[in-house]
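Biologist: I have a model open here and would like to talk it through with you. Could you take me through the fold, one piece at a time?

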Amino acid sequence: MADEVLLLDFWPSMFGMRTRIALEEKNVKFDYREQDLWNKSPILLEMNPVHKKIPVLIHNGKPVCESLIQVEYIDEVWPSKTPLLPSDPYQRAHAKFWGDFIDKKVYASARLIWGAKGEEQEAGKKEFIEILKTLESELGDKTYFGGETFGYVDIALIGFSSWFKAYEKFGDFSIEVECPKLIAWAKRCVKRESVAKSLPGSEKITKFVPELKKKLGIE
Amino acid sequence: MANLPILLDYWPSMFGMRARVALREKGVEFEYREEDFSNKSALLLQSNPIHKKIPVLIHNGKPVCESLNVVQYVDEAWPEKNPFFPSDPYGRAQARFWADFVDKKFADAQFKIWGKKGEEQEAGKKEFIEAVKILEAELGDKPYFGGDSFGYVDISLITFSSWFQAYEKFGNFSIESESPKLIAWAKRCMEKESVSKSLPDSEKIVAYAAEYRKNNL
């Protein structure tokens, strides 16, 4: 019996991108369904009644919510291709720690860069750069966060790279100057088909930001 | 001879308690070390340089940080006894979702009840009751969130029950009247030695919260 896999998603979401990448890494065929977050569909509200957010992965009719939980689920359900998480408990805990760090820190500070002005924006920019430097230091000289193989932490972070040009434009700074190793890592990741297929172009994101601000009622 | 795992912790922390419950569920002997936040130990700062928070589990010299991470690690490092997760991937994803819900919605709301006053506290109380009702619906008629056996979601939530009396006192409401099923579930969990040994007395927590309010509000 064939698997039925649906992904309720929103094209600029760096969280949705994680799930797209994980599915592509495993060569899983899925039905991508674009959602309008300002006019939420019945299926979204039914499949994620608690948070009403995307991405929602629906596998044979059953929903899995929260992007990193989806990545882990995908890794467990389709184990035949390259594992996204290591098998050693300590290394798994280490990967999850960094996934959690990315979740807790990156979005919030980045949002201030494109969504705020003046002092608030400057503070967001400063914090964002600090967070990227922390991540860059964790990456070190490794090819990927997991070492030689692309995995969970890379997937958790790479979607944000499609927003880098937007951050640079609205924050008036260069991420490459601040974190050259991280930019090099991002370029490596984007060479992977799963990533190239899953990330929108930087220009599209940059053009989208003013529209997003309008929708969110931010000037 | 192997050294005992070390748990850097803080007695009233419901996050630290999760790690204690998890280790006890697995029958793992560990060395508990109380941290003083006004004077964080060198070991804590070295083991968790990013967040500098407890709990930190140090096993074979290597640190694991973030309470839910610690619980998952304990489950994987000592897999033979009392598994915290079901074996099917969907059940596992559901368990992770609900523990994440506890962290995202329940934890923030409960802090506002004892840690804030006025409008913020009222908002927290409202969010808390909402979260409690959602959790109660998820529990349904099961003895535990994990079904027949005590598991990951139970561990993630039960530790907050040591704070229930504090919420009721400072929030001026009754959790039992909002959710009798949740109170019944908490009593059931407390019958487990791993839980009763890991949670401090409610009166001690109430006194701690009162002190916090006196010093901060």
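This is a predicted model: local features need pLDDT of at least 70, side-chain atom pairs count only at pLDDT 80 or more; totals for chains, interfaces and linings use all residues.

Biologist: How many bridges join β1 to β3 in chain B?

Modeller: Strand β1 (residues 6-9) and strand β3 (residues 56-59) of chain B run antiparallel and are joined by three bridges. Within β3(B), the residue that stands opposite B:Leu7 is B:Leu57.

Biologist: Remind me, what holds paired strands together in general?

Modeller: Strands of a sheet pair through backbone hydrogen bonds, and they can do so in parallel or antiparallel fashion.

Biologist: Let's switch to chain A. Which strands are at the edges of its sheet?

Modeller: Chain A has an open sheet of four strands, ordered β2-β1-β3-β4 and with mixed pairing. The edge strands there are β2 (31-34) and β4 (62-65) of chain A, each pairing on one side only. On average, neighbouring strands of this sheet are turned by 20° against each other, direction ignored.

Biologist: Which strands does α1 lie across in chain A?

Modeller: Helix α1 of chain A, residues 14-25, lies across β1 (5-9), β2 and β3 of chain A, and runs at about 155° to β1(A).

Biologist: What about the hairpin in chain A, which residue there has a positive phi?

Modeller: That is A:Asn60, which takes a positive phi near 50° in the hairpin of β3(A) and β4(A), where two residues lie between the strands. Strand β3 (residues 56-59) of chain A pairs with β4(A) in the antiparallel sense over four bridges. In β4(A), A:Val64 stands opposite A:Leu57, while A:Lys62 stands opposite A:His59.

Biologist: Changing topic, I keep looking at B:His51. Is this residue buried or exposed?

Modeller: B:His51 is buried, because its relative accessible area is 15% and the cut-off for buried is under 20%. Its place is in the loop between α2 (42-47) and β3 of chain B.

Biologist: Which residues does B:His51 touch?

Modeller: Not counting residues up to four places away in sequence, B:His51 touches A:Phe97, A:Phe101 and A:Lys105 in chain A, and B:Glu66 in chain B.

Biologist: Now the overall picture. How many helices and strands does chain B have?

Modeller: Chain B has 11 helices and four strands. Its radius of gyration is 17 Å, close to the 17 Å that the globule rule gives for 217 residues, so chain B is as compact as a globular protein of that length. Its C-alpha atoms fill a box of roughly 55 × 45 × 30 Å along the principal axes, and 53% of the 217 residues are buried.

Biologist: And what are the corresponding figures for chain A?

Modeller: Chain A has 11 helices and four strands. The radius of gyration of chain A is 17 Å, which agrees with the value near 17 Å for a compact globule of 219 residues. The C-alpha box of chain A is roughly 55 × 45 × 25 Å, and 55% of its 219 residues count as buried. Chain A exposes about 10100 Å², with 53% of that supplied by carbon and sulfur atoms.

Biologist: Finally, what ipTM does the predictor give the complex?

Modeller: The predictor gives the complex an ipTM of 0.95 and a pTM of 0.96. For chain B, the mean pLDDT is 96, and 99% of its residues reach 70 or more.

Note on methods
Residues are numbered from 1 along each chain as its sequence is written. Chains are lettered from A and ligands numbered from 1 in the order in which they are written. Side-chain values use heavy atoms; hydrogens and water are left out. Two strands pair if DSSP finds at least two bridges between them. Axes are lines fitted to C-alpha atoms, for helices over the stretch in contact, and angles run from 0 to 180 degrees between N-to-C directions. Contact means heavy atoms within 4.5 Å. The radius of gyration is taken over C-alpha atoms; the globule rule is 2.2 Å times the number of residues to the power 0.38. Buried means under 20% relative accessible area, exposed over 50%, partly exposed in between (1.4 Å probe, protein chains only). pLDDT is the predictor's confidence in each residue, from 0 to 100. Accessible areas come from the Shrake-Rupley method with a 1.4 Å probe; for residues, only the protein chains shown count as cover.
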